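Morning, everyone. Please have the sequence and the model open while I talk.

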Amino acid sequence: MNKSQLTVSDVSKKLGVPKYTITNLCSRGLVPRVKRSNGSRVLEPWQVDLIAVLLGMKQAGFRPREIRQYSRLFRQGKQTEKERLAMLTTRKRQLWHEIEARQKAIDFIERQEETAQNDRSIDEAENDA
């Protein structure tokens, strides 16, 4: 193991995820060319960067098949950059639409809260009559 390589434990600490998450990504073939040293997986900095991207994609709501597709494209090299960028751009657009929809829902709830605070209750209206 050379100085630039990291163990699964090191990567786990660096990225703040459980070791089994890193091991799972490697076992499923999403991280290419993982080497072993003394029986343990060791990762190069570029592999750690890829793991961070894959974890970020999961956090951003990419489906597992999309994450596998991204990893496959990554392994194919620089010629797939445009396709990978298109995947990211499409998901970003979807997230913005979701944010807009949730903002409309929040606005509705806030209007209803305001209305509820300002409306007199039926009981109060009956008492006034």
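The largest pocket has a volume of about 210 Å³. This is a predicted model: local features need pLDDT of at least 70, side-chain atom pairs count only at pLDDT 80 or more, and totals for chains, interfaces and linings use all residues. Residues are numbered from 1 along each chain as its sequence is written, and side-chain values use heavy atoms, with hydrogens and water left out.

A pocket here is an open set of points on a 1 Å grid over the protein atoms alone, where a 1.4 Å probe fits, with protein on both sides within 12 Å along at least five of seven lines. Lining residues have an atom within 4 Å of a point. The volume is the space filled by probe spheres set on the points, which are joined across faces, edges and corners.

Which residues line the largest pocket? They are Thr21, Asn24, Leu25, Arg28, Leu30, Leu54, Leu55, Lys58, Phe62, Arg63, Pro64 and Ile67. By class, that lining has seven nonpolar, two polar and three charged residues. Nonpolar covers Ala, Val, Leu, Ile, Met, Phe, Trp, Tyr, Cys and Pro; charged covers Asp, Glu, Lys and Arg; the others, Gly among them, are polar. Helix H2 (19-27), helix H3 (45-59) and helix H4 (64-76) each supply at least two lining residues.

Now the fold. The protein has six helices and three strands. These are DSSP runs, numbered from the N terminus: helices are H or I, at least four residues, and strands are E, at least two. Along the sequence the pattern reads β-α-α-β-β-α-α-α-α. The radius of gyration is 24 Å, well over the 14 Å that the globule rule gives for 129 residues, so the protein is more spread out than a compact globule. That radius is taken over C-alpha atoms, and the rule is 2.2 Å times the number of residues to the power 0.38. Along its principal axes, the C-alpha trace spans about 85 × 30 × 20 Å.

Of the 129 residues, 26% count as buried. Buried means under 20% relative accessible area, exposed over 50%, partly exposed in between (1.4 Å probe, protein chains only).

Last, helix H5. Arg111 is found in this helix, residues 81-118. Is Arg111 buried or partly exposed? Partly exposed, because its relative accessibility is 49%. Leu54 is one of the pocket-lining residues. Ala116 also lies in helix H5. Ala116 counts as exposed, because its relative accessibility is 55%.
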